[in-house]
Amino acid sequence: MKVSLFTTCLGELFYVDVLKDTTEVLERLGCEVDVPEGQICCGQPSYNSGYKKESIGPAKHMIETFENADYIVSPSGSCTSMFREYPKIFADEPEWAERAKRIAEKTYEFTSFIVNVLGVEDVGAEFHARVTLHTSCHMTRLLGERDSHYRLLSHVKGLELVKLPNNYDCCGFGGTFSVKMTPISEQMVDEKIRHIEETKAEVLVGADASCLMNIGGRMRRLGKPVKVMHIAQILNSHQEEEAAHHANESRKSTVL
Amino acid sequence: MPMKVGNLPFFEGVDKAISNTYMVNAVSSAQDGLREKKLKATVGDETLGDWEEWRRAGEEIRQFTLNHLDYYLKQLSDNFAARGGHVYFAQTVEEAQNYVRKIVRSKNAKNIVKSKSMVTEEISLNEALEAEGCDVLETDLAEFILQVDKDRPSHIVVPSVHKDRRKVREAFQKLGYSGSDEPKELAAFARKTLREKFLHADVGITGCNFAVADTGSICLVTNEGNANMVTSYPETQITVMGMERLVPSWKELDVLVTLLCRSSVGQRLTTYVTDITPADQTDTVDGPKDFHLVIVDAGRSRALGTEFQPALQCIRCAACLNVCPVYRHIGGHAYGSIYPGPIGAVLSPILGGYKEYGKLPYASSLCAACTEACPVRIPLHELLIKHRQKYVAGAGHPQTGEKIAMKAFGIGAKSPFLFKAGMKMAPIFLKPLVHDGSISKGPGPMKPWTHGRDLPAPSKENFREWFKKHQAEAGNPPTTVNADGSRSEAK
Amino acid sequence: MSNGTIENRDQFLETIAQKLGHAAGEAVTTPEWKHQPQWAVYENKTPEQLVEIIKKASESIHTQVVETNSADLAESLNHLIDSYGGGAILATSDKRFSEWGLSDVLEARHVAIWDTLKGHENIDLAAHANIGLSICDVMLAESATAGLFNDKDKARSVSLLPVTSIVLVPKSTIVPRLTQAMALVQKQVDADESPAPYINFISGPSNSADIEMRLVVGVHGPVKVAYLIINDR
């Protein structure tokens, strides 16, 4: 199966390790991965801020770049949902709307792709830790993907998954919301962190780098000891139990 | 100014709200309770079948009714008048106030009792009548508490959600209450105080949950029974309705009352669902002799025929407030509008303009919890984005820096060359700011982020370079998909 | 009552029609809706099953349900009145009380009957009564709701002002939910009858959770509600 990786701008800027893990997991599951050269950003930052005109160019560029892919897979629910929204954005340009629709139909979020397209729930990963999961908003509400990440994590050897209280509440990222409405955003992330601490988890996992950057950035500022990881990093882990607590040298030391 | 709550600029209101720990705790615990009750009574109630089907039913009815609003309003008014009632169409807030004032004056009425109504809050009816020398009494327990305490609603369905029992007790002490702060005892005091007033009021004023066009009937939904009191003992009944709050017939009323009761308070039905049809009540002891219906536009028609029309589908259940993480942390007053929360952020700029309420659409992380919760499928978070589009296109005043940044983004995000260059430069440029793997104090646009959060350092490794190497190691020629669909060796 | 009036309508509707892009008041027919999930709720339940649903739903709305049959109705009502402390009692003016052979009970207990000729005195009676007796017109199983088609004789005050509201519920009036009750009203309307001027769907005693979301039962309306279901078929 041929998969074109939609890396996301945040991924390329901050989370190269996540992209590597995503690539390796997909390859291990038998996918032939490529990285379309022309890709940039889906345009969500400007679109959600009301700058529609400024978002049209980037969106068209992405459509052209990915138009001939078989499957488009992205390690971000939010960026995937933007591809899925494209047909609505081009409501006034029927030809582009049609092209956008074809893109939307073949775009999948990473975990959703593994479970729903590849039909795999056990990727053979092993990770020994008490973990809680942040289910991001665009993943659950805009993509309607509510359980692929749970299914995948439930098959990871050694992983103890604890439910995050109020997991449905937004972490406070919201793109430019986090910098335009900083005081409110900070209250939101603080409550999220209180709930994470209630779980006594050692690791917070998520499938959206943006949320993790927000929660992780706040936890780091507050000196919280909880480690933050992208689900691709967990699914690409094969550590033995003894090694679990000495993994600082590995790729997993990325600050999320 | 009608609709306006408080007089603080938005961000000052937010700061004030955030520092009010009690309020935040009260709102978030109320939210948790209401959310859970709603879920149990909707998606969680298997006797209903598929809740999504109910939402689609609500949406379908609301959309069709709005698309033919003039027809159904004509029908409603014809039927209300044919049964002896008086209908007044008020284009503006002032027209609505003036009409009610005129009626009250003509009846020489002094004592007015009111049941809870958002539209009368919106048009500042109490103030207008008090200026006439009338004694206007709110009879919903929460509204009564707020009135005694000279406070304003902070929620559409539970207006005093921001107050605790001690505050209620203090308020009631002004009326001579000397009991404890037990809700039961406080409510009993309100029952006793209000009952006398109900039985001797001259005019009863109600809002309108739904009007039925087919018969000219008014449906009121409450738990306390106060609307029944208000519509049973005064000689004159005045009902004020937002012009969009109607259904074609009783058949549709069923669906919408179901959606409202279940989504607002998680009940199968509220304790009272009361349908009032004007009639000759000469021989009726406990019912008004005179019916007035005031149908209010007050800016609503601005949304018709535009991308904002779905906002008028709203049935004021407040389910969106009950799941909104922003409302959770700032409460209702910070919005500065009688309509807070997601629906408030959508409606307020339509009804009150961008100058006053243009910041509200930005008070959302676009998490879409509101859209998911809405029983009539209003795409609330999408409407917030559409407001932002209006705002930056001239309805409001976005910051110049932001405009420039977005323009630059628009150009940069379609140039692979600039993007790749940027990805290579970022680690170099930002290196001086990086300490111990992250940035804790950033300049310019990074400043608000790093106010409370660290920013990760840009990855030193370039993903695309890694990927090429990775493919070569695996013995695969590094390929890429070109714009024309062909695959070729990556450069 | 004066004749009805309509003021200020034309311009108002014109504004709306213009925005919607059609001629003002353009006639439409309400369509057959694509989505109608309401009819499937409790479809095909037997009357007995519906009674069980009422009993279950009554638990969460603090309402007592007692079952009886036509023969034992008088005795059951007497018991029920006793269990709520008797005292001053008021009943609606409803011929069904006598049709069901309850005249003796009402007389023996000095039950006042709503009488429009007595004017405001009725309201004073109701306000000071311990118990109000009403008869249900349509009973909704789903929410344990008594639908009362109030009018000048079947007065609304009887189920509103006394401390306790006892509602007699003929089993034949039980329907699955609001849907069937609204269809009943719509049928009257379609036959050119006026709906009752005051249709009251009441589910248990009045209540409020306005103070700290704590439920208080008994606010402006009755504090206690009981349904006496009569097996009349």
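## Chain B at a glance

Two residues count as being in contact if their C-beta atoms, placed from the backbone, lie within 7 Å. On that basis, in this predicted model, 73% of the chain B contacts with a separation of 6 or more link residues 24 or more positions apart. Of the 491 residues in chain B, 59% are buried.

Chain B carries 21 helices and 15 strands, and its C-alpha atoms fill a box of roughly 95 × 50 × 45 Å along the principal axes. Two domains are assigned in chain B: domain 1 covers 10–302 and domain 2 covers 423–489. Their centres, taken over C-alpha atoms, are 55 Å apart.

## Where chain B meets chain A

Let's turn to the interface. Here 56 residues of chain B are in contact with 62 residues of chain A. Helix 17 (residues 380–395) of chain B supplies the largest share of the chain B side, with five residues. By type, that side holds 33 nonpolar, 14 polar and nine charged residues.

## A strand inside chain C

Strand 8 (residues 164–170) of chain C is worth a look in the viewer. Seven of its seven residues are buried, so this strand is largely enclosed by the rest of the structure. In a regular strand, side chains alternate between the two faces of the sheet. One face of strand 8 of chain C has C:Thr164, C:Ile166, C:Leu168 and C:Pro170, the other C:Ser165, C:Val167 and C:Val169, and all are buried.

Strand 8 of chain C pairs in the parallel sense with strand 5 (residues 131–135) of chain C over five bridges, where C:Ser134 stands opposite C:Val167. Strand 13 (residues 224–231) of chain C also runs parallel to strand 8 of chain C, joined by seven bridges, and there C:Ile166 stands opposite C:Ala226.

Note on methods. Residues are numbered from 1 along each chain as its sequence is written. Chains are lettered from A and ligands numbered from 1 in the order in which they are written. This is a predicted model: local features need pLDDT of at least 70, side-chain atom pairs count only at pLDDT 80 or more; totals for chains, interfaces and linings use all residues. Helices (H or I, at least four residues) and strands (E, at least two) are DSSP runs, numbered from the N terminus. A residue is buried if 20 or more other C-beta atoms lie within 10 Å of its own, exposed if 12 or fewer, and partly exposed in between; C-beta atoms are placed from the backbone. Domain bounds come from an automatic or database domain assignment. Ala, Val, Leu, Ile, Met, Phe, Trp, Tyr, Cys and Pro count as nonpolar, Asp, Glu, Lys and Arg as charged, and the others, Gly among them, as polar. Two strands pair if DSSP finds at least two bridges between them.
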